[in-house]
Structures are given as structure tokens and as C-alpha cells.
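Here is my note on the aromatic contacts in this model. Please read it with the structure open.

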Amino acid sequence: MNRYTNEQLAQYASALAKVASLSNLFSESSTPFIHYRATEYLYARAFEARNLARSDIAIDAKLGTVGVGLKTFVYSNRPKYEKIAEFNRDQPSFNSLRPLDKIRRIAELRNERIRVAGEIASVQTFVYHCIARSPRALSVFEQEMPYINLDDIEIQNSNSGTISFSDGRESYRFNQSKSTLFKEFFTQTYLVEQPVNILRDPFEVLDSLNLVVEPASFGRLDVEQTPQESVVLPLYSTRGKPSVEEKSGLNQWNASGRVRHIDEVYIPVPAVIHQKYPGFFPPRSVPFDVHFPNGSTLSMSLCQGKSHGKALMSNPNNTLGSWLLRDVLHLAEGELATYSLLEKIGIDSVEVSKMDDQYYIDFKQLGSYEQFVSD
């Protein structure tokens, strides 16, 4: 199915070429350079897609019901292996296994990440959108982002450094020292091919724009007066070793006391968030809309606690849990969420961002909350 019009592709290719024309800002190669963050924004802008790059999931954009993983790499019309996933934090679950069992475990983890990305973004189809960089040109092609067929995995070569394997459809390599999975990309059919005129002196072009920066702006940035644009919240308890407590957080439905809905959950808001970033959230019990990666908008508010609120909940309080527990985590009613389950899907935190008084939420990889508060 053709997802793009000819006009969209032409404008997209032109925008890519313009950005790539500045390659000499970064190198002197004849192969154009374009930063992956630039491709994420250009793709979303050209095709009116939802940019999911802030979420640490298997896709970078959503176009209708299609999840898109964006890849940018040097290409020479020959098969090329490119990184598609890392599993550093999952090493204890596969390090001691034999090659075939290890690859099956890696495949299970990869497939689960694709499934979770689909549930988070509400998409059913997955593709890789590839921007191939060759001397003085960019070429764009797409390939299916498939689940790995667990039943047909065949080890083709194995040594202490790399395990090469196939599932009967695609070829993969797993780098054991870096716990990184690579997939083979190859095509001779392109959506669009675009020559790139790399500017000899891009600094001269930038100087001609006459962009004026006020001298005062070079002074010390007053952090205390700069509004915080985002905070990271854990999906687990931060008291001691990371865990999902049996009667709070994602398991709030299991708490004692009043009768609770089976899908009632909340996202913990540790006191340190209020201490470091006062005023980021509206006051306790004041509702505000939060936009989710799947395009939905939920009314939420801070609840519980004596002052600012220690829980971020939806209104009604089961709406968030119905989606998060049943769709994303695949839990049956009455089944407890655990930290090991979060480890399995590679996500244990969320980032709440505030832009133009609108709130957005994205899912973050393991360890994101600890890194945020330590920074």
C-alpha cells in the first residue's frame, strides 16, 4: 500500500537534501550526513505523522495504524546489518544459555517490545523507514518490521563475539559483548532517490543568514527561573530495591479498604519531584488533560498524600489501568504487576512533558527515573 503521495515524497526528499547539504559542518566525506533526530522531525512534518521519538519504544513515529521505525545509515546497494535493539539490562536472563536458547530468548524479548510498542501507540502494522546515505545522494526505502519467527530460528554461525541466525525470512546478528541485535537491510527498490549538493562552506551560508543573538543571552543561565519542561516518574516503588508493591501503584486495585475497580492504578509521584520541580503539575485534585502516544487524551489529576499529591491518576480512575494493565502489560484481571514484567518489556518509567500548557506522556526505558533524579 502506498502510504505517501508523490508530492509528499518530493517535499520530503527536498527537505532531507537541504539538511544533508550542511554535512561539512560535521565531516569532509562525500557521503551526506544527517542526524537521526532531524529525520524524525522531517518525517513527522512531511507526512503529518505523530512523532514518538521521546518514547523509548520500538517505533519512532505513528502514521495512521502503521508504526514506523526510522533508520539512517550508509548504504552501497549491498546487504547491510544495522542495530535494531539493545538488551544490556536483560543479560542475566540469557547470558548462561546455549546459542540457540539464547537467541530464542532474544527473539522473545524483541517480539515483546514490538507488541508493547503497538499497544502503546495503537498500531497494528510495523515498518522500517530507511534513509540510505551514499556518495552525494540519499535514497529512501521501506521494509516490514517483522516479529521474529521463534519456530524457524536457525543458527548460521556462532562464536564468542557474534551469533548469526535466520528465522526463514530475515537475517540477524547478535553481538554478545554489547548485547545488541542487528538486522540485515537490503533493497534495490526505492520510494525516492535524491541527489545532495554538499555545500563546500556551510559556515558561509550560516553567516549570510545574519542570525543575531543578544549578548546578554551568553550570560549565566538562571536555572531557578527556567520553567521545567518535563519530569520522569517511576512505574514502581522507589523505596529500596525497585519493585511494584502489591497494594499500590500499578496494583492499587488490590489495596484494602474501600471497594476498588479491578483496573484502578496510579503512577507514583515521589516527593523529590515536588521538591525539585514545584509548580510543574497543577495543584492536588485539579484535573488536567494528558496526551498519550496512541493519540488519546485522558483527564488526570494528582491525588493522595497530605499536600501536593503522591499519585497521578486518571478520571475515572480505571481508565488508565484498563489500557496499561490489559493492553500494554497483558495482565489478566487479578494478576499482579511486577518489576520483572517491566524489565521484560524494557520500560519502567514515564516522562511527562509540558508544552504550551499541554501535558504529554511518553514511556521510558529501564533506569530512566534514577538517571533523571540523579542529574
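The points below cover ring pairs first, then charges over rings.

1. The model is predicted. It holds 24 aromatic pairs. A few of them are taken up below.

2. Start with Phe 26 and Phe 33. Their ring centres are 5.0 Å apart, and the planes meet at 50 degrees, so the pair is tilted. That angle falls between the cut-offs of 30 degrees for stacked and 60 for edge-to-face. Phe 26 is exposed, at 58% relative accessible area. Phe 33 is partly exposed, at 29%.

3. Now Phe 94 and Phe 174. The centres lie 5.8 Å apart and the planes stand at 85 degrees, so this pair counts as edge-to-face. Where do the two residues lie? Phe 94 is in the loop between β4 (80–86) and α3 (99–121), while Phe 174 is in strand β9 (residues 171–175). The pair therefore ties together parts that are 80 residues apart in sequence.

4. Are Phe 94 and Phe 174 buried or exposed? Phe 94 is buried, with 1% relative accessibility. Phe 174 is also buried, with a relative accessible area of 1%. Both values fall under the 20% cut-off, so the label follows directly.

5. There is also a cluster. Ring pairs link Phe 73, Tyr 75, Tyr 128, Phe 141, Phe 185 and Tyr 190.

6. Lys 183 lies over the face of Phe 185, 4.3 Å from the ring centre.

7. Arg 173 lies over the face of Tyr 81, at 3.8 Å from the ring centre.

Key
Residues numbered from 1 in each chain as written. Predicted model: local features only at pLDDT ≥ 70, side-chain atom pairs only at ≥ 80, totals over all residues. Heavy atoms only, no water. Phe/Tyr/Trp six-rings, centres within 6.5 Å; stacked < 30°, edge-to-face > 60°. Buried < 20%, exposed > 50% of the residue type's maximum accessible area, 1.4 Å probe, protein only. Helix = DSSP H or I, 4+ residues; strand = E, 2+ residues; numbered from the N terminus. Lys NZ or Arg CZ within 6 Å of the ring centre and 35° of its normal.
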